[in-house]
Amino acid sequence: MGYFKFLLSCSFLSLFATLPARKSHNYGEALSKSLLYFESQRSGRLPHDQRVTWRHHSGLTDGLEQGVKAGEFSHAIEAIKWGADYFVKAHSEPNVLWAEVGDGDNDHYCWQRPEDMTTSRHAYKVDVNHPGSEVAGETAAAMAAASIVFSKTNPHYSHMLLHHAEQLFVFADKYRGKYDESIKGVKGHYTSISGYKDELLWSAIWLYKATNKDYYLDYFVENARSFGGITWAMTEFSWDVKYAGLQILASKLLMQERNQKHKHILEQYRSKAEFYLCTCLNKNNISNVNRTPGGLLFIRQWNNLQYVSNAAFLLAVYSDHLQETSNQIQCDRGKLSSESLFLFAKSQVDYILGDNPMNTSYLVGYGSKYPLRVHHRGASTDSYKKNKKFIGCVEGYDKWYSRKDPNPNVLIGALVGGPDWNDEFRDERSNFMQTEACTYNTASLVGVFAKLHSV
């Protein structure tokens, strides 16, 4: 799911306009490092041009028991294709999507680098009898977004992705059900709190952008109220909760004459999108996002920076939208301009890169001080290329997880969970709420870094 946000970032890169800003950080360097992180997370047979050299082939037998085959712009394209190829393989039949490999509970008993994994690599699917509308809809949205990226440079591949996306949308919509009811192992790890209706709207609007077929826009409009698209007023955007993102996409549709027949509903989507933006800048009378004393948006203590990076991305996107349309947002406590959204997004990114009370960059590898003990099995264990001796589950915990020394491998470009509500941060491997990194943390930063680097 984090991979989709990376696609979202890349699909918007060409839409960013130019606003004046003081470059307080090297955003080009941050962009380069953030893209490297996705290479650290690769599974499978690694390509010859793999730049993260401490990683090696892994997960080569994933799903075999079930019969499943598992400048920076060019690096971004490579990262997108790596993930999209995986989705193509995972969608083995029109109504089958292989949604998980391994078991979260078993995985947590082991501290092993990917190259040594001994835990079960059983693959789990959603299908007609075991529906999973969230994961099918999310994957459809990701493939639709990827098809846009490749539409001119690789039209055959783009068409193939779109074919899969449309099939997955039909599957997600026709056989509705929560994926965590069909794949019990995800509960407690990636439980679907918001349900699947936001993912159905999310995939519909991305398919409309990719195909220009009225069917998808009609679906998006007709289900706007019953699916929560124009009723949910959000204070976060995450891998689980898509409403703020789809509301912002809907707002941008108002710019096109062909969509004016749905103006009444799209304006309601826009109202909810702007509520989210107002709440980020503390401009609502109620339901504003909390901030730390140092000025960081604070949603919750576990992996808070994922919400910050997502907010910065959406703020930057809407800033450009306001500039293009010469509009402002009317909040309860005043108006917000394009520049005010952009500057606040920049302030959140600058906090992440080191302008904070801890004087710490939370993007690993950037700046003079950053987390050295990231909660990450591969980074915290001796590189397989350096030491091919097998490292078992218990040995990994005893020898590598519990050690106080910095990780032997630097997980460049990873965005960790970040500081607590009081701007405090403990760089300890066991402090997973603050030191764990996820793809959906770094993903949305790619677009924001590209934007900041361009101004």
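Student: Which residues touch the most other members of the largest nonpolar core?

Tutor: The model is predicted: local features need pLDDT of at least 70, side-chain atom pairs count only at pLDDT 80 or more, and totals for chains, interfaces and linings use all residues. Residues are numbered from 1 along each chain as its sequence is written, and side-chain values use heavy atoms, with hydrogens and water left out. A nonpolar core is a set of buried Ala, Val, Leu, Ile, Met, Phe, Trp, Tyr and Cys residues joined through side-chain atoms within 4.5 Å, where buried means under 20% relative accessible area (1.4 Å probe, protein chains only). In the largest one, of 125 residues, the members touching the most others are F220, Y269, I329, L341, V349 and F449.

Student: Which residues of helix 9 are buried?

Tutor: Helices are DSSP runs of H or I, at least four residues, numbered from the N terminus. Helix 9 spans residues 214–222. Its buried residues pack against helix 6 (155–174), helix 8 (197–211), helix 10 (243–253) and helix 11 (263–280). They are Y216, L217, Y219, F220 and V221.

Student: Is T211 buried or exposed?

Tutor: T211 is in helix 8. Contact means heavy atoms within 4.5 Å, and T211 touches L162, E166 and Y216, not counting residues up to four places away in sequence. Its relative accessible area is 17%, so T211 is buried.

Student: How far is the backbone oxygen of L207 from a polar atom of the T211 side chain?

Tutor: A polar contact within protein is a pair of N or O atoms within 3.5 Å, one able to donate a hydrogen and the other to accept it; residues adjacent in sequence count only if both atoms are side-chain atoms. For L207 and T211 the distance is 2.7 Å.

Technical notes. Buried < 20%, exposed > 50% of the residue type's maximum accessible area, 1.4 Å probe, protein only. Helix = DSSP H or I, 4+ residues; strand = E, 2+ residues; numbered from the N terminus.
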